Amino acid sequence: MSESLTASERGSKCIAHLVRIGLFLLFVSLAAVGDAEAQRNQDRPNADQAESAIAQLRSPYCPGLMLEVCPSPNAAALRDSIYELAAEGRTSGELIEWMIGRHGEEWRGVPQRSGAGLWAWIMPPLALLLGIGIVVGWLRGNRTESKEKQLAVADVSDADRERLTAAMREWEESGGEEEV
Amino acid sequence: MTQIGEIALWVALVLSIWGAGAAFVGGRTKRGDIALSGERTVIVVFALLAIASLAIIAAFLGNEYQYQYVAGYSNRELPTFYKISGLWAGQTGSLVFWALLLSLFSSVTIVQNRNRNREFMPYVAGTLLVVLAFFLVVIVTVSNPFTQLPFAPADGRGLNPQLQNYWMTIHPPTLYLGFTAFTIPFAFAVAALLNGKLDTRWITTTRRWTLLSWFFLTNGIIFGMMWAYVELGWGGYWFWDPVENASLLPWLTATAFLHSVMIQEKRGMLKMWNMLLVLGTFLLCILATFLTRSGLIESVHTFATNLPIAFIFLGFMSVLTVISAGLVWWRRSELEPEAQVDSFVSREAAFLGNNLIFVGAMFAVLWGTLFPLISEGLVDQRIAVGPPFYNRVAIPLGLILLALMGIGPVIAWRKASKRNLQRNFTWPVIVGVIVAAVMWLSGVRHAQVILTFALGAFVLTTVVVEFKKGTVARARIEGEGLGKAFVHLIERNRRRYGGYIIHVGLVVMFMGFAGAAYDMESEVGGMLPGESTEIESPFGHTYRLTYQDISAYTHTNGWTFAASVQVEKDGVPVGVLTPMQRTFNQRQEINMEVGIRRVWNEDLYIILAGVDDLDGIANGTNARPAATFRILINPLVPWIWSGGIIMAIGTLIALWPSVPTGQLPAEAKTRTGVKREEELAGV
């Protein structure tokens with residue numbers, strides 16, 4: 001018995017070491033990531049506005065692809081134009097409208113938050129809220145029914161109740177699991 | 001051979017209609033002989049479809065360009081490997097392939113159940129044959145692979161260059177395997193509804209099929225991501241393209257089902273919900289085929305469009321939806337739960353939450369995918385829904401799922417006590433908080449990245465603690481060494497511990513996704529040989545890339561232009577990358593092959609975006625061609641593929657048949673010296 005306990009302790013230590021090594025590697029890799037975000041596109045003025053606009057536009061030169069990933073040279077030229085306009089101080093919204101004005105509404109890659117486009121945004125959260133409402137309502141209904149049933153079968157002797165409590169305690173101490 | 005193939009398709013159609021009728025009539029009238037005739041038809045249909053498939057492959061290998069399908073997807077110079085994969089390269093052949101795989105799985109089911117589940121089998125066979133008959137009707141009437149051209153061209157058009165890639169060759173069949181394997185649980189669900197045997201038996205019978213289907217769907221999706229990453233040349237692996245979304249939809253509901261089914265098995269709850277999930281998942285498989293084939297929504301998969309077939313699929317899906325809904329409504333009283341959820345703080349509630357999020361995510365993806373069609377129908381304006389929409393909707397849901405992945409498997413059934421919560425969650429929460437704090441102190445400010453890693457650490461700790469608890473307990477009880485106890489622990493509870501390993505894989509994958517927040521990109525145009533450019537990695541080092549030259553050579557099917565780029569990392573040479581452009585003799589298309597340098601935490605990814613004067617390079621008249629490169633550093637992308645491999649291993653462990661207790665090793669003894677078999681027998 002003592003041997004197996006020693007083995008378990010060794011195992012615990014081994015696992016703890018592995019976790020520590022894993023966490024160390026994770027932290028080392030992430031620490032390096034930390035300051036990189038600020039360095040992105042430092043060389044282009046107002047680049048965040050341009051990036052934001054480019055990320056919301058579809059490419060007229062690559063069917064089905066967004067402008068930000070389209071490898072076509074024409075798309076590269078269009079991206080450059082957007083960066084240049086951003087450098088003049090235009091906002092992301094203005095850049096999108098400029099591109100849409102030149103190429104057409106169908107190249108807008110993200111639905112607007114007004115008009116018909118609004119429905120794209122509101123339906124998923126509405127459906128999720130509805131689902132949550134149904135599940136919570138169903139659970140509450142079930143719990144009320146369950147309590148009524150419990151009241152109906154409350155004639156449990158004190159001895160049985162004690163045995164039940166002891167069994168529950170034992171089960172909980174075993175981790176509440178049924179299989180090892 | 002091809003004539004035999006065409007005849008085989010027609011005979012298979014007639015037989016599957018006969019078989020479906022016989023199976024349903026036999027099941028309804030309890031006539032075993034008629035039902036058996038229906039069941040055996042499945043095996044004959046498989047044999048006939050195998051003959052038809054071989055005939056198509058023979059036509060490809062024999063360069064029989066009088067057949068429209070062969071002429072459209074092959075040419076004389078196409079390598080043999082791609083000629084064989086021509087069976088599923090185009091729509092016509094892929095429908096035959098779909099039917100072939102379905103008939104194969106159906107035959108396995110019939111053979112497996114020849115002496116059991118007899119009350120289900122006539123209806124199972126009938127349902128499978130109805131689906132097969134549908135595919136065969138489509139194949140022989142509107143998409144016949146043996147349709148001949150008025151004349152036989154000397155050569156074919158060749159295979160789409162983007163499809164001439166290893167991952168693309170295995171991606172569609174793997175997805176089809178997933179779609180078709182899910183037809184088996186669907187058929188059992190319909191059979192259970194028809195015969196009223198709605199206990200857990202149909203679920204336990206189809207458990208492995210569900211997991212097998214999920215395994216193929218998962219891998220099919222990952223293979224597709226790999227193909228997009230190396231072949232499409234835009235630096236990403238997932239684009240929320242309608243066809244990608246179509247494959248994700250059944251995966252989401254199938255994953256929800258794999259979790260909720262445990263509640264039905266354990267507590268007799270969620271019978272109706274599970275039934276709806278199985279029926280819905282199969283319908284989403286059909287929807288996926290419809291979306292892929294219709295071309296109604298603009299997609300990078302525009303190489304396969306056919307409106308008539310799309311509408312036939314839509315019609316079939318509508319009929320199946322109505323019949324499924326009718327059957328569920330008919331049996332609604334028998335699908336009442338046998339127990340109730342006792343507490344919001346319980347495993348049942350956590351799994352319910354998980355299901356809600358999976359189905360919510362499915363709805364969001366479906367809504368976004370169909371929104372261009374919906375908006376066009378309602379307001380006559382096709383409103384495109386691009387990746388930013390999905391990212392905004394899916395990322396929060398993904399993070400909630402990540403949290404539930406840590407909570408669900410370890411929280412207690414019925415009602416978790418304070419002690420249970422403390423025992424199971426103290427360490428995981430501490431580790432999660434430490435990870436978040438260290439990341440913040442290291443300067444990471446991206447909230448989603450911090451959350452992903454903190455929640456990932458939380459989940460990984462719960463898994464480690466579970467493995468440790470189980471291993472130590474088993475070592476103590478059975479008197480085994482820790483290594484042996486660890487292996488036996490997994491062997492004896494494959495489903496549970498396989499599931500944990502899948503969770504580990506998913507966490508690693510999520511961390512890989514989070515790396516996209518730190519993608520670095522640079523585009524350099526008009527570079528001449530000898531010129532260099534630099535790009536800084538988010539991990540602090542700098543790559544210096546020197547464009548050396550471009551070499552041009554012919555491959556079996558066209559020209560390859562390969563640029564050599566010398567890579568130095570912080571001044572130390574680490575190799576040469578060769579991004580390429582390929583042209584094809586039969587098609588006026590240029591295909592890009594990216595150059596990737598992979599290390600454990602990032603990919604250096606180079607695209608040869610443009611080359612001046614391809615003809616000059618090919619003729620040898622331009623010795624210094626200018627080239628445009630798009631250079632990306634994609635942090636943690638290798639983690640995505642590693643996560644996929646871990647998930648596959650976990651699924652295989654869960655799928656592997658358990659060792660029957662009678663076959664346990666004879667030397668397996670408990671610490672009291674009693675033989676394991678005797679102990680199990682209660683001696």
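This is a predicted model: local features need pLDDT of at least 70, side-chain atom pairs count only at pLDDT 80 or more; totals for chains, interfaces and linings use all residues.
Colleague: At what angle do the axes of helix 5 and helix 7 of chain B cross?

Modeller: At roughly 45 degrees, and the axes of helix 5 (residues 91-112) and helix 7 (residues 166-181) of chain B come within 9 Å. That makes helix 5 of chain B oblique to helix 7 of chain B. Angles under 35 degrees count as roughly parallel, over 145 as roughly antiparallel, 65 to 115 as roughly perpendicular and the rest as oblique. Axes are lines fitted to C-alpha atoms, for helices over the stretch in contact, and angles run from 0 to 180 degrees between N-to-C directions. Helices (H or I, at least four residues) and strands (E, at least two) are DSSP runs, numbered from the N terminus.

Colleague: Which residues make that contact of helix 5 with helix 7 of chain B?

Modeller: From helix 5 of chain B they include B:Phe97, B:Trp98 and B:Leu101, and from helix 7 of chain B they include B:Pro172, B:Tyr176 and B:Leu177. Contact here means C-beta atoms, placed from the backbone, within 7 Å. Ala, Val, Leu, Ile, Met, Phe, Trp, Tyr, Cys and Pro count as nonpolar, Asp, Glu, Lys and Arg as charged, and the others, Gly among them, as polar.

Colleague: And helix 10 with helix 11 of chain B, left-handed or right-handed?

Modeller: Left-handed. Helix 10 (residues 207-232) and helix 11 (residues 242-267) of chain B pack at about 145 degrees, with their axes 10 Å apart. Among the residues that meet are B:Trp214 and B:Leu217 in helix 10 of chain B, and B:Trp251 and B:Glu244 in helix 11 of chain B. The classes in the contact of helix 10 with helix 11 of chain B are 10 nonpolar, 7 polar and 1 charged.

Colleague: How do helix 19 and helix 21 of chain B pack?

Modeller: Helix 19 (residues 494-514) and helix 21 (residues 637-655) of chain B pack at an angle of about 170 degrees, with axes 7 Å apart. Helix 19 and helix 21 of chain B are therefore roughly antiparallel. Their contact has 17 nonpolar, 9 polar and 2 charged residues.

Colleague: What do the buried residues of helix 21 of chain B pack against?

Modeller: Helix 10, helix 18 (482-492), helix 19, strand 9 (602-611) and strand 10 (627-635) of chain B. Those buried residues include B:Trp639, B:Ile640, B:Gly643 and B:Met647. A residue is buried if 20 or more other C-beta atoms, placed from the backbone, lie within 10 Å of its own, exposed if 12 or fewer, and partly exposed in between.

Colleague: What about B:Pro657, buried or exposed?

Modeller: B:Pro657 counts as exposed because 7 C-beta neighbours lie inside 10 Å. B:Pro657 sits in the loop between helix 21 and helix 22 (676-680) of chain B. Its C-alpha is separated by 9.2 Å from that of B:Arg208, 449 residues apart along the chain.

Colleague: How many residues of helix 8 of chain B are buried?

Modeller: 12 of its 13, so helix 8 of chain B is mostly covered. Helix 8 (residues 183-195) of chain B reaches 18 Å from first C-alpha to last, close to the 18 Å expected at 1.5 Å a residue; the expected span is 1.5 Å times one less than the number of residues. Just after helix 8 of chain B, B:Gly196 takes a positive phi of about 75 degrees.

Colleague: Where does B:Lys30 lie?

Modeller: In the loop between helix 1 (2-29) and helix 2 (32-61) of chain B. B:Lys30 has a positive phi of about 60 degrees although it is not a glycine, and with 10 C-beta neighbours inside 10 Å B:Lys30 counts as exposed.

Definitions and conventions. Residues are numbered from 1 along each chain as its sequence is written. Chains are lettered from A and ligands numbered from 1 in the order in which they are written. Two residues are in contact if their C-beta atoms, placed from the backbone, lie within 7 Å. A crossing is left-handed if the near helix is turned anticlockwise from the far one by less than a right angle, and right-handed if clockwise.
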